[in-house]
Amino acid sequence: MATQTPPAPTPPRTLRAGELGTPHYRRLFGAGREVTIHWLTFLVTAALVLAPVLPILYQSVRNQPLYAAGGAFTLSNYVHLFTEAEFGTIILNTLLFAVLTTVFALAIAIPMAILLERTKFPAARLIGQVLRWPIYISPLVLAFGWIVVYGPAGFLTTALRQGMGWVPWNLYSLPGMAFVEAVAQVPVAYLFCANALAASDTSLENAARTVGAGPMRILRSIVVPMLRPPVLYAGLLIFGTAVETLSIPLILGQPSEITLFSSFLYEQGIDAVSPDYGLLGAASTFMLVTTVGLVVVQARLLKHAQRFVSVRGKATRSNLLDIGGWKWAGFAFVGVYIVFGALLPMIALIMRAFTSLLTPLVNPLNLLTLDNFRLIFSYAPYTESITNSITVAFIGAVAVTVFGTIVVLVSRRSDFRLARLLETTAQSPHAVPGLIIGIGFFWAFAWMPGGDAIRGTLLALVIAFGVRALPSAYGAISPATMQLGSELDNAARVAGADWWRTVSRILLRLLVPAMLASFLLIWTQMIREYAPAMFLAGAESQVIGTTAIDLWTQGETGSVAALATLQIAVTAVVAGLAGLLLKGKKEKSNA
């Protein structure tokens, strides 16, 4: 009987690229590509954040400019700063200005947030949206508007002086400067308080009602105490912003010889014929340490904020408080801020742009002209500043949004060993003032090989503005990333995808709405930015802010108003288009 030998088993065929199976990815130096991306993201972030800081610290202890040969280490710069430069008076002025700004801003914002979010208030939703508008306007532009209305030759100042013979305000004083800055910061404090009230549970208020507490008692004993964390956070943020701001000290402080931190740095760096770089480095270091210290204090004070948590797993329906006739007093309070604090200065600024002179003594309709705009568009550097601002804002917003998204995904959705440090590094630039970033990058480009080719270009502004905006991008994208379930990552990994394939094919597409929101936020921030450009901009890379200050020093009030009007118009158009696009994306995702 013949036996039949069974055929030999066919060896399994190796799958080629493109066929079903586990994908194979190239490995660099024996490591997966996600490891390369993680480390590259961390190193680039660290380099961008440290680039403006390290040169300042180094220059503060050198007796020669960084780019000069020779030099030695010394502490004489700090001795000179605190003994010969009248820095003690500058510290007191800055401290008083920051305290007054914080007090004024919170005194206006807290009552408005309570009225609009916790009481039966007329047109609360519409007014709440209007209160957000000044966020899109540069404090520099708002300061120009206030001068047009309330300055020594302002519209209302002139009218009141003609009618009463005296004026109860003086913008060119520390209280006047602080109030103008406070008006610009009110929307920030309002948003912190309003968002906290909108998200909080009202069960404590309902419990107070059951024992007979009236609306005013509930507001005083429950609502206001629960606002301590957002008030503390907003207060420290406004205080830090007041310490670093340049527009108000430059526009209102210099004419009255009131010097603050920021204007001192400007005078020592830009205005000085022969800048003392050692003194400038020491003053910059002092300002940097001050702002970083404020951030540390903020973190410590908010450490026990959980004591004020009122949002639990079981929420209750929000019952608005009826404060009776007091609501009309509150309506008048909110209306005064909107009309006289934000709306009237903007209207006056726009009117000044279209008139040869704005005064109550002459009908503005008889003074209509387009000469202010003709000056802007007839002189190439002024026109280029508008184009430069739009270009830097657009390129910077795209770059920062994309890079910020990658930073968030590495720090939040990866197993990178330094993820926590990466997150801290990405958020740290919010403690560095814009003027310090400009000074630091100025020295960094002068120090690094080939840096002179970057300094004075739009690329330098994109880098400096981008570093300043990176924490905002992180804050806009991180919450959306945390809302994406981890099962998406796990399912992709089971199918054989590595980290980058999971991110690029799944997570990035789901984050498009958050990235659009980040783009709008960053674009608005960059179109308003100008402080770093004071040190970095060249003759052909001026932006709207630096050009406006240049025109103001020349006495061209009408041209400044025209330039500010163009900035407001461009910002409004882009914000409107981005809002419509974002709304369409949300509706599409919900459908």
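Here is a friendly walk through this structure, from the whole chain down to single residues.

The model is predicted, so local features need pLDDT of at least 70 and side-chain atom pairs count only at pLDDT 80 or more, while totals for chains, interfaces and linings use all residues. Residues are numbered from 1 along each chain as its sequence is written, and side-chain values use heavy atoms, with hydrogens and water left out.

Let us begin with the whole protein chain. Of its 591 residues, 48% are buried, where buried means under 20% relative accessible area, exposed means over 50%, and partly exposed lies in between (1.4 Å probe, protein chains only). The chain exposes about 29100 Å², with carbon and sulfur atoms supplying 64% of that area; accessible areas come from the Shrake-Rupley method with a 1.4 Å probe, and for residues only the protein chains shown count as cover. Contact means heavy atoms within 4.5 Å. Among contacts between residues at least 6 apart in sequence, 78% join residues at least 24 apart.

How confident is the predictor? Its confidence in each residue is given as pLDDT, from 0 to 100. The mean for the protein chain is 83, and 85% of the residues reach 70 or more. Over residues 12-22 pLDDT stays under 50, and the model has five contacts beyond four places in sequence for them. Residues 305-317 also stay under 50, with 20 such contacts.

Now look inside, at Thr45 in helix H1 (residues 33-50). Thr45 is buried, with a relative accessible area of 0%. Leaving aside neighbours within four places in sequence, Thr45 is in contact with Phe403, Val407, Leu422, Thr425, Ala426 and Leu470.

Helix H16 (residues 371-378) has buried residues too: Asn372, Phe373 and Ile376. Seen down the axis of H16, its buried residues fall within an arc of 95°, so they line one face of the helix. That arc is taken from the directions from the helix axis to the C-beta atoms. An α-helix has 3.6 residues a turn, so residues three or four places apart point the same way.

Val339 in helix H15 (residues 326-353) is partly exposed, with a relative accessible area of 37%.

Notes
Helix = DSSP H or I, 4+ residues; strand = E, 2+ residues; numbered from the N terminus. pLDDT = per-residue confidence, 0-100.
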